[in-house]
Amino acid sequence: MKKKYVYTLGIAALSLTIPVITTAQCNAFVKKKCMYKVVPFTSNGQVNTSSLEAGKTISLNLSFYAGKDYRIIVCSEEILGDVTFKVLDKSKRVVFDSADNNRPDFWDFKAKSTQPLTVEVTSPPSQSTSSVTPSGCLSIIVGFK
Amino acid sequence: MQMNLKFTTRYASILSLSLFLFSCNNSTTETEVAGSDTMQAKSKNPKAQEVFYSIPSPIETISLLKAAGAKYNAAYLNPIDNVSKYTSVTSKALNLGTYGSDLSFTSMFDQTQESMLYLRCANKLASGLGINSAFNESTTNRLESNLQNRDSLLNIISDSYWTTDAYLKDNGQPGVSALIVAGGWVEGLYIGTQIANSTQNKEVITRIGEQKLSLENLIALLESYKADNAGIVAVLNSLTELNEIYNSVSTAAKATETSTDKKNNVTTLDNGSEFTLTPEKLKEISNKVSQIRNKIIQ
């Protein structure tokens, strides 16, 4: 009876590890799979990486300077599915929606004036019937030139 | 009995390991991102799982100053001899930021010898913070191999910043990383105000005014980590005082317009913003930035 109890406890404990991804693993994934996409731009050197749950959103707020060209890259693990992103102005108006543009994983633009923007990234809800919500690494990389 | 104890110990170990892995390094904040119904589509996502605040890197800021006509002047930089003064984690982090900014400045202006000196300062402070994967001997070697190629130099410096940020966040020290960002931003703004005051270059002065936006994000970034790191509070208070001065900088802006050059597939964003900085306001900002920066490097 006791043996069955600890066996069950062990399986339950193991199941907790399935959706868990460490920050270090995420950053290693980003460095290996994503950072090269910033070329020929220069990365702004900041890590905006998270372990995102399916169906959730993360956002990045930053300002863009007049006269500069930028690349916004959204890099995610396959488990998150077809991730999409929007770029919003200060009034939360959508200036770019990847869902309406063949779902690219990056977007280049020129800033004619200095302005604050928000990049909002969403993972589609999981289609799995499991009670455990999958999660995966996601990073927003910004390059400039 | 012995068999049961063995099983219990094994599965208790698995449980402990699972709970350790389940703990999350990232702080999460939720925020309302929803818009209201208008003619133009607004974001309807109700809440973000996590919100990041990013500010332009010193390389970007310095490149703007250079494009505006700024010239190199070593007098603007934190003296390399100061590096031995920084013994606390807070002062090391802030000044890793200042020296990183100075390194960006010397590299941008092709000052190769000075770049190596500032790299060594950054290396020393990074080592002091336990960051051995950035601004290290390998970085030194890469820089030395690329001294004649400014773009490569700047990419290497940028990589080092990213590696530093990643290391600190991987190791549960995002507050230390935020201090590095703050130190770098203050130094960049200090250099900019020194150039603005000595040249009265209108474009440089405009760039000083534009820093209002970055300051707001920097304050938000520091706010999110102040509970993790006591050293952040003093810096945050100083930057909040600076923000009060910036509050009265007028920033005329309208709704962002997009235009796309279909031939080259490039989109341009324009909200028509103008950052107006009076001479009095420039002086006020310069004095406050000098005060903050001198406290950081002393």
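Modeller: Of the contacts in chain B between residues at least 6 apart in sequence, 67% join residues at least 24 apart (contact: C-beta atoms, placed from the backbone, within 7 Å). This is a predicted model, in which local features need pLDDT of at least 70 and side-chain atom pairs pLDDT 80 or more, while totals for chains, interfaces and linings use all residues. Residues are numbered from 1 along each chain as written, and chains are lettered from A and ligands numbered from 1 in written order.

Chain B has 10 helices and five strands (DSSP runs of H or I, at least four residues, and of E, at least two, numbered from the N terminus). Helix α7(B), residues 174-199, and helix α10(B), residues 279-297, have axes that come within 9 Å and cross at roughly 135° (lines fitted to C-alpha atoms over the stretch in contact, with angles from 0 to 180 degrees between N-to-C directions). α7(B) is therefore oblique to α10(B) (under 35 degrees is roughly parallel, over 145 roughly antiparallel, 65 to 115 roughly perpendicular, the rest oblique). Their crossing is left-handed (the near helix is turned anticlockwise from the far one by less than a right angle; clockwise is right-handed).

On α7(B), the contact is formed by B:G183, B:V186, B:E187, B:L189, B:Y190, B:T193, B:A196 and B:N197. α10(B) contributes B:L282, B:I285, B:S286, B:V289, B:S290, B:I292, B:R293 and B:I296. This contact of α7(B) with α10(B) comprises nine nonpolar, five polar and two charged residues (nonpolar: Ala, Val, Leu, Ile, Met, Phe, Trp, Tyr, Cys, Pro; charged: Asp, Glu, Lys, Arg; polar: the others, including Gly).

Note on methods: Two residues are in contact if their C-beta atoms, placed from the backbone, lie within 7 Å.
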